[in-house]
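This report concerns one protein chain.

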Amino acid sequence: SGSLSIGMNDSSNEELRIQREAEKILKPYFKEDGIVFKIFEEAKVTGHIMDFTRLRVLNSLFSLLNRSIRNVIGYNNKHLDFPMNNEVFEKYLVNRLFYSCFWAFGGSMALRDREALSDFVRVEASNCVTNINLNFPSEEQIPLLDYFVNVEDGEWQLWSTVVPAVEIASDKAASPDIVIQTVDTIRHVDVLTSWLEEHKPLLLCGPPGSGKSMTLTSTLRAFPDFDVITLNFSSATSPELILKTFEHHCEYKRTQKGTILRPREVGKWLVVFCDEINLPTADEYGTQKVITFLRQLTEQGGFWRISDYTWIKLEK
């Protein structure tokens, strides 16, 4: 056992213990005929704005669950003398599992469908989980979507209770930099943060003026190690725009494993925020070249440099 702790401090051991305990708690819910499968099947037959794929929604689910574990670790680090007890830990994780299900499986649904899915989760979980008092909200006229799980006690709490009151000076009321927090912006930021903390690509979909850009930019401000570059797409946007942006903010570096492209500023992650990505014109084959290029960057982690036919691997 001594060899396992080499290079690990007490904090690392404690985090590993929490992860293992979380696995034991959550594993039974992922059985083939378990409740997660039932929620998945319910979501699959509902209308979605984007294609509903198993890989996409499960990736989203596990990102949200990973954040739940990070929340517990963060809570314990702030309460060293009184860490979260086992009862609250189990209640918090299981409630967060159901919270994660309706956001991961219903994230690409219209609002009313997502609310309906959250209430489906409430009913199914109430019937299936009998060994823990999850204490779902009794106000059935308020969808479960309007609640989050409080890390302090593992209980459901209305998002409206944590919306901050804002006083704005009259001379700044028209400023475009002013962000008024609402239930929608706060809960969307909470979900977006789960993906951003893991440096995963994400796509926001909605009509003009729905707050996509505002929500994302306000979320990104909370990450000091992110260097954010905004690209406004048009009908003529091509992959060259992405490459020129990389060349301006990044540097090529030859390594034993090949050539990599990384941010010039040490310790920073380059975040490329592409706005209006639906605008680029398709070519004669029906392909939006810049969108296909973005898919290659996110799915393959790099691109072929045409000048010397070298594979360029993206780093950070």
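The model is predicted: local features need pLDDT of at least 70, side-chain atom pairs count only at pLDDT 80 or more, and totals for chains, interfaces and linings use all residues. Residues are numbered from 1 along each chain as its sequence is written, and side-chain values use heavy atoms, leaving out hydrogens and water.

Helices (H or I, at least four residues) and strands (E, at least two) are DSSP runs, numbered from the N terminus. Strands count as paired if DSSP finds at least two bridges between them. An open sheet with mixed pairing is formed by four strands in the order 4-5-8-7. Strand 4 (250-255) and strand 7 (302-305) are at the edges with a single partner strand each, so one side of each has no neighbour in the sheet. Strand 5 (residues 258-263) pairs with strand 8 (residues 310-314) in the parallel sense over three bridges; in strand 8, I312 is the bridge partner of T259.

The whole structure holds 16 salt bridges, defined by a side-chain nitrogen of Lys or Arg within 4 Å of a carboxyl oxygen of Asp or Glu.

| Pair | Closest N to O |
|---|---|
| D190 and R67 | 2.7 Å |
| E155 and K91 | 2.7 Å |

Both E155 and K91 are buried, where buried means under 20% relative accessible area, exposed over 50%, and partly exposed in between (1.4 Å probe, protein chains only). Shared partners join R67, R70, R96, D190, E197, E198 and K200 into one salt-bridge network.
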